[in-house]
Amino acid sequence: MNDILPGEVETWQFLEREAHRIFQLYGFAEIRVPVVEKTELFCRSIGETTDIVEKEMYTFEDRSSNSLTLRPEGTAPVMRAFIEHKMHALDPISKLYYLGPMFRYERPQKGRYRQFHQIGAEAIGVDDPMMDAQVLAMLCHYFEAVGIDSVELHVNSLGCRECRPQYRKALTAYLENRLQSLCADCQRRYQTNPLRVLDCKVPTCQEATTDAPSVLDLLCSDCDVHFKQVQQYLQKLGISYTINARMVRGLDYYTKTTFEMVTSQLGSQNAVAAGGRYDGLIQDLGGPALPGIGFAMGVERLVLMKGEQGVDAPRPDVFLAALGDAAGDEAFALMHRLQHLGLRAEMAFTGKSLKAQMRRAGKLNARYVVILGEEELASGEAQLRDMDNKDQQPVSLAGIEQALADKCRLC
Ligand code: HAM
């Protein structure tokens, strides 16, 4: 679990600002849900035999013996809220997004933490493949907007409740002859959740399953047509993608389209964003039979990818350097008025020498410095220094707020 300090937080704020801006272009509205839910919600939605539910949840009993869990992801809580507030009665189509911390007891490493943050989006109520393409287009638009281009979109289809059992059967039969070559985890997964074997990072498991049957060969005609149409819409929008039939995802609620935005920059934590369709989930949780599709991005991974080209802290527009008590009082009131005009204004709160104050202005990287001493107070003219070109001009104290506001709107 990490502290996010000034210097890094600016990149976080930028990533969050762009999420609000881009997602709202697509008609998504923000939803905020609690960080704890009943444990049962995650068991039922993510799946009892997934890594998340089996070994990664922060689960505890409260004082009334309710089993609660710190949310490991955002989709299940958003669906719980959607159902609880009967949001479908207001509008059969809900497009929601969320930002916030998630918790998984994983082995920490670069790009993988126990408290991490997701920015996610969920589109509920439309089963048309056009919505799949729309959600993917929004995800790609976001990556363009934040200037992260070393990512690739991988897509797959996991079929539906009709065709997935057939694939599971074919895969189980295939794995049966290779059990000896699989790691202990995969030997267990073979029984409980065989699709997860394809996602194992252990090299011997990957080698043993190179020619495993492809889920795409066993899709029913409905899923097959859906996946082809998603691809046609992506092509129509000029969105490039790679089909990755081995992508199985770590949560059980997916149906049909699944996808990941992957990078080679983060070692084994290669998914910067991931998601898919979950057409049976809302009904399984006791809600109406409505389809849904969405994704979540890992903010820490986005920040790592922004890396060196992180976002600078905003520089102060003006620093007020005052000499003497009377000038200090005047500068204090002027700073207050400038802040209310929308300018980032700062001053030194202790009576330091002009040299020390100029050093502080330089350290803060202020755009302008106003120098105000007893002489300036008497003459009604302060000195205004442009810190970028070192030009210094007298400026009337009567018009100084307007002069600074005009200059700073241009800078
Ligand atoms: P997920 O693949 O479990 O999907 O997580 C989505 C993203 O969260 C990952 O691609 C990764 O960037 C980030 N992430 C996951 N675990 C960690 C971690 N321990 N440390 C840092 N980052 C992490 C979901 O959570 C689904 N709810 C996505 C979704 C939304 N599907 C449909 N709608």
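Let's start with overall shape: the protein has a radius of gyration of 28 Å, whereas a compact globule of 411 residues would come in near 22 Å. Keep in mind as you look around that this is a predicted model.

What is the chain built from? The secondary structure comes to 16 helices and 16 strands. Now look at how the chain meets itself: among contacts with a separation of 6 or more, 70% are between residues 24 or more positions apart. Buried residues make up 50% of the 411 in the protein.

As for charge, you'll find 46 positive and 55 negative side chains, with the centres of the two sets 3 Å apart.

Time to zoom in on helix 2, which covers residues 39-46. Why can we call this helix largely enclosed by the rest of the structure? Because six of its eight residues are buried. Those six are T39, L41, F42, C43, S45 and I46. And what do they pack against? On the helix side, their partners are helix 3 (51-56), helix 4 (75-84) and helix 11 (281-284). On the strand side, they meet strand 2 (36-38), strand 3 (59-61) and strand 4 (67-70). Follow the chain just past the end of helix 2 and you reach G47, which takes a positive phi of about 110°.

Now for the cysteines. How many disulfides are there? A disulfide needs two cysteine sulfur atoms within 2.5 Å, and by this rule the count comes to zero. Take C183 as an example: the nearest cysteine sulfur belongs to C205 and is 3.7 Å away, and C183 is in no disulfide. Is C183 buried or exposed? With under 20% relative accessible area as the mark for buried, C183 counts as buried at 19%. C140 is buried too, with a relative accessible area of 15%.

Last stop: Q134, which lies in helix 6 (residues 129-145). Its relative accessible area is 31%, so Q134 is partly exposed.

Notes:
Residues are numbered from 1 along each chain as its sequence is written. This is a predicted model: local features need pLDDT of at least 70, side-chain atom pairs count only at pLDDT 80 or more; totals for chains, interfaces and linings use all residues. Side-chain values use heavy atoms; hydrogens and water are left out. Helices (H or I, at least four residues) and strands (E, at least two) are DSSP runs, numbered from the N terminus. The radius of gyration is taken over C-alpha atoms; the globule rule is 2.2 Å times the number of residues to the power 0.38. Buried means under 20% relative accessible area, exposed over 50%, partly exposed in between (1.4 Å probe, protein chains only). Contact means heavy atoms within 4.5 Å. Lys and Arg count as positive and Asp and Glu as negative; His and the chain ends are not counted. The place of a charge is taken as NZ of Lys, CZ of Arg, CG of Asp or CD of Glu.
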